[in-house]
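Thank you all for coming; I would like to take you slowly through one model this morning.

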Amino acid sequence: MSVFIDFTYLLASVLFIFGIKGLTHPRTAVRGNLLGATGMLLAVVATLADRQVFGSGLQGLGLILAGVLLGTTIGATLALKIQMTAMPQMVALLNAFGGGASALIAGAVLADTADPGTQTVVATVVSGIIGSVTFWGSLVAFDKLQGLMLPDNPVHFPAQQALNVILAVATVGLGAWIVADPSQLTSYGLLVVVGSVLGVLLTIPIGGADMPVAIALLNSYSGLAAASTGFVLNNDILIITGSLVGASGLILTRIMCKAMNRSLMNVLLGAIGPDSGPVQGADEVYAGRVKSTSPEEVAMLFDGARRVVIVPGYGMAVAQAQHQVRDLANLLESKGTEVEFAIHPVAGRMPGHMNVLLAEANVDYDKLRAMDDINPSFQQTDVTLIIGANDIVNPVARTDPSSPIAGMPILDVDKSRTVVVVKRSLSPGFAGIPNPLFAADNTVMLFADGKKAVLDLITAIKDG
Amino acid sequence: MDTFLPLLTIFMLAVFVGVEIITKVPPLLHTPLMSGSNAISGITIIGALLSVAAGGTLPTILGFLALVLATINVVGGFLVTHRMVAMFRKKDQGPS
């Protein structure tokens, strides 16, 4: 029986790997996800056939049924109800639950095992720390993204770093104590409490546009917690799966950091923000040079354009304008204009956020072009339309080495013939600096809410 | 400790496999990658099943809570990933 279970776990691991492999292309992604789900079903069924589970009697099986039903109801409701604009919150919650489950299982094993070996105890400690940090860190990220209690901006207080170091040392100390005396369950509880406080404190200094990094990193933690739980249970499939997810999160974290030209440390300490040193005054940059325009004028620009590139940013998600943007793109295409979308890696609040929103609005995925791919084509672009993006199109990143966004790769929109910026005001983006693009000779500003501006543009084009 | 080295070997090899595949996932699909990997990290559900069944009050309670959380991850993760990847299509394909 045990051989049968282990063999099924191996099969499930292979299905997980093929599942992720399916995600390397939109054509195979649906099948890949189904393969992953099939692997999970096999693994669960095999576990139910385990003597310990199957033989646990009516009470045990009843609890299992209740837990699975409850989790399925909550999970399915979340997954089916969530709006695509709220996907970063959803992923933050899933990260939290993954971390929480690992910490709880490690605790259960510790409570259940009379004389656990060193590997089990050490892995339990690691699961407890990573799991609780992930759980609370992800809940803080969720809260910030959802705009509940904590501000979206970084939260700083005196001696923050010192406190984090003390807490980190405390978790290691508690961990050592548990390894020395695994029978002390209270110390595991204490470890989880300290880990939880650490999780909260590590995430509150991260805000706004840095969220993609935080979410990717917490994603990685939730995988590592699962892998560590695999060491607790001596279970291959948890280790394989956990390390796949851990690797995935780390790779995404690295991509996000590179896209902001910042080190991971810099992001984690929340070093960027509105009060990060002197910046060139907004008046100096904008005075007398910003040209405001009307939807009718922009419609005329579009009329003579052969190629238009649309640059979406977080503002498009906030305004929920993706469907209107799609209508605008379709309208321009029907008039023979070439339309493409330029997606910056950190546009939005999580990796790939803009792609999902535009796919939801039925935009052909071939038109969603990544930064490196589309940048050389801006010189041949007649009109670039920017909707709710700021820092990712700020040319200061190329020119001013003292700027907080110095060296960050940006979309070279300023190279196109005309730039139209849809924005409610001249307020700065997350980096807190003015954007000379708005004052450039070839830029016009269309001051309005994203959705309304696009609707007005559609009307103006149809009337013109 | 006799199980540790084989398990560590599996861990290291799986990390390499993960890095190889995941670097090939295009930015287009990074959000589904995150929710999909969340779903498979819900594999902790099997640890939760074993804990619930272990007997003893505390392990059962902890295991039950873990079971609920892991099930949310599995069901919610795969479903929401399906919703997303099903939206990625080319115009000529029509709704899938």
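In this model, 77 residues of chain B are in contact with 95 residues of chain A, where two residues are in contact if their C-beta atoms, placed from the backbone, lie within 7 Å. The model is a predicted one, so local features need pLDDT of at least 70 and side-chain atom pairs count only at pLDDT 80 or more, while totals for chains, interfaces and linings use all residues. Residues are numbered from 1 along each chain as its sequence is written, and chains are lettered from A and ligands numbered from 1 in the order in which they are written.

Which helix of chain B gives the most to the side that touches chain A? That is helix 4 of chain B, with 27 residues, and the elements that give two or more residues there are helix 1 (4-22), helix 2, helix 3 (44-52) and helix 4 (57-85) of chain B. Helices here are DSSP runs of H or I with at least four residues, numbered from the N terminus. By class, this side of chain B divides into 50 nonpolar, 23 polar and four charged residues; Ala, Val, Leu, Ile, Met, Phe, Trp, Tyr, Cys and Pro count as nonpolar, Asp, Glu, Lys and Arg as charged, and the others, Gly among them, as polar.

Let us now take one pair of helices across the two chains. Helix 10 (residues 236-259) of chain A and helix 2 (residues 30-41) of chain B have axes 9 Å apart and pack at an angle of about 155°, the axes being lines fitted to C-alpha atoms over the stretch in contact, with angles running from 0 to 180 degrees between N-to-C directions. The two helices are therefore roughly antiparallel to each other, a term used for angles over 145 degrees. Among the residues that make this contact are Leu244(A) and Ser248(A) of helix 10 of chain A, and Leu33(B) and Ser37(B) of helix 2 of chain B. The contact has six nonpolar, six polar and no charged residues.

Helix 10 of chain A is mostly covered, with 20 of its 24 residues buried, that is, with 20 or more other C-beta atoms within 10 Å of their own. Just after helix 10 of chain A, Asn261(A) takes a positive phi of about 50°.

Finally, within chain A, the axes of helix 5 (residues 87-112) and helix 8 (residues 185-203) come within 10 Å and cross at roughly 170°, which makes helix 5 of chain A roughly antiparallel to helix 8 of chain A.

Key:
Parallel < 35°, antiparallel > 145°, perpendicular 65-115°, else oblique. Buried ≥ 20, exposed ≤ 12 C-beta atoms within 10 Å, placed from the backbone.
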